[in-house]
Each structure stands twice: as structure tokens, then as C-alpha cells.
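Please look over this model with me. My notes are below, point by point.

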Amino acid sequence: PFPKLEELFPLHILHARVLASSKPPVLSKSCPMRFHAGLLSGALPNGLWNHTVLKQKAVEDQKFKGRMKEEGASMMAAIIDKWKLMQGMDRNEAVMAYLSIVKEWPGFGSTMFDVEFYMSSAGSFSQKLWLGVNARALSLYKQGDVEPFESFSYGQISSFSVSDSNTLKVSAGDKDLLFETTKVDEITQLINTYLTTTSNGQTQQEGDTDYSPENPTEAGLPAQEV
């Protein structure tokens, strides 16, 4: 028997993919009239209105569970197909095959964090994203995606600072990026570790950078490309 899907694939990623692919219903062109929710709620007895809302939510929840079941079955089938191709391999061969595949992912070696993202230069814009932190860059992912939509090498980042226990500010070029997360300490520790490693020449072969910030939560970063 095969292990359960949750033992083979992170279900929160599957959940994020289903949410990202869910789109609001498109109104038919033949029915252009829209009714405000307040008008409908006033036209119906309070108990009946609440019942209608709850019923609609139950239908939406059921549809979401159906999508999760479909996506889960599809993912499991894909995993089994790949597993069949690896039959006969010993443990070391399987590990090498896995590493050869996962190293092709742009986020290989990254630690991923759930963040609420704000970009002050774009006004009041916020979005739930994944922030990937690795030895060379910070990368932004839409939740459920495997490819980042934007990355900032440490050479592009002019500074980063912590304004409170849950808010991290990163300045890159003319962009001020704000991240709200409960993992601020972990993120800043990783960034400082990678910057120290980079300055020691362990992640790049040329250009040594003297980086030793007195305050680990606020730093001016080198302007050279990493």
C-alpha cells in the first residue's frame, strides 16, 4: 500500500493552489442586473436571509472540498507514475535522482515563509505570499506557485530593518517592501547568516565584502551584485 498523500506532498501547497485557481462567478451578459446584498437582506426576513447565506457558504465549502479531492487524486497519480519509473533503484540512487530533479527548482535551498506583503511605493497594496530566503536572494512567490514572480539579490538590497516584532522592511532600489509575519526573527537570522557567509567568500568566488552590522535587525547592505 502507498503512503497517504499528506506523507508525500505538503497539503498546504495543494490548498493554496486550489484557492489560487478559484475564480468568482462571471455574470451572464443576458442578465446584466445586479442586486445589492443590503437590498436583498432587507427584502427577506432576517432568519431566512441568514439561512440563505449559510446555505450558500455550505455549497461553496462543498465545491472546495470537491476540488481538493480532485487535485489530491491528480497529485497522487502523478507521484505514483514517477515512483514507477524509479522502481529497482537502491536508496542512494533514489536520493541522487531526487536531488537532480529538485536542484532544477529556482527555489532550491530556500526556506519558505508565509507573509503578508505590502509595497509602500505602490500605495495600499497587500497580498498573501511566500517569501523564499536562500544564500543568494530573497524571492517572492504567489502561494501555490513553484516559480518566483520577483527576486532580489543581496546586491540589489540597500537595507533591511525590523520596525516591530512582526514587521520586516526591505529596501531594494526604489521599492520599499514590507512583510508582516510571525517569523521575523528567523528571516533576519537567515539573511544575516547568508550575508556573513557571502562576505567570507563561501557562496561567491569573487569580491569579498566586509559586513559586520552592530544591529542584526538593521543593516546597510553592499551595493555590488551577488
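The points below go from the strands to the nonpolar cores.

1. First, the ground rules. This is a predicted model, where local features need pLDDT of at least 70, side-chain atom pairs count only at pLDDT 80 or more, and totals for chains, interfaces and linings use all residues. Residues are numbered from 1 along each chain as its sequence is written, and side-chain values use heavy atoms, with hydrogens and water left out.

2. Start with strand β3, residues 137-142. Strands (E, at least two residues) and helices (H or I, at least four) are DSSP runs, numbered from the N terminus. Five of the six residues in β3 are buried. Buried means under 20% relative accessible area, with a 1.4 Å probe and protein chains only.

3. Which strands pair with β3? Pairing requires at least two DSSP bridges between two strands. Strand β2 (residues 126-133) pairs with β3 in the antiparallel sense, over five bridges. A hairpin of three residues joins β2 to β3. Trp-130 stands opposite Tyr-141 in β3. Strand β4 (residues 150-153) is also antiparallel to β3, over four bridges. Here Ser-139 stands opposite Ser-151 in β4.

4. Now the largest nonpolar core, with 22 residues. Such a core is a set of buried Ala, Val, Leu, Ile, Met, Phe, Trp, Tyr and Cys residues joined through side-chain atoms within 4.5 Å. Leu-138 and Ile-191 are among the members that touch the most others. The largest share, five residues, comes from α5 (184-199).

Definitions and conventions:
Buried means under 20% relative accessible area, exposed over 50%, partly exposed in between (1.4 Å probe, protein chains only).
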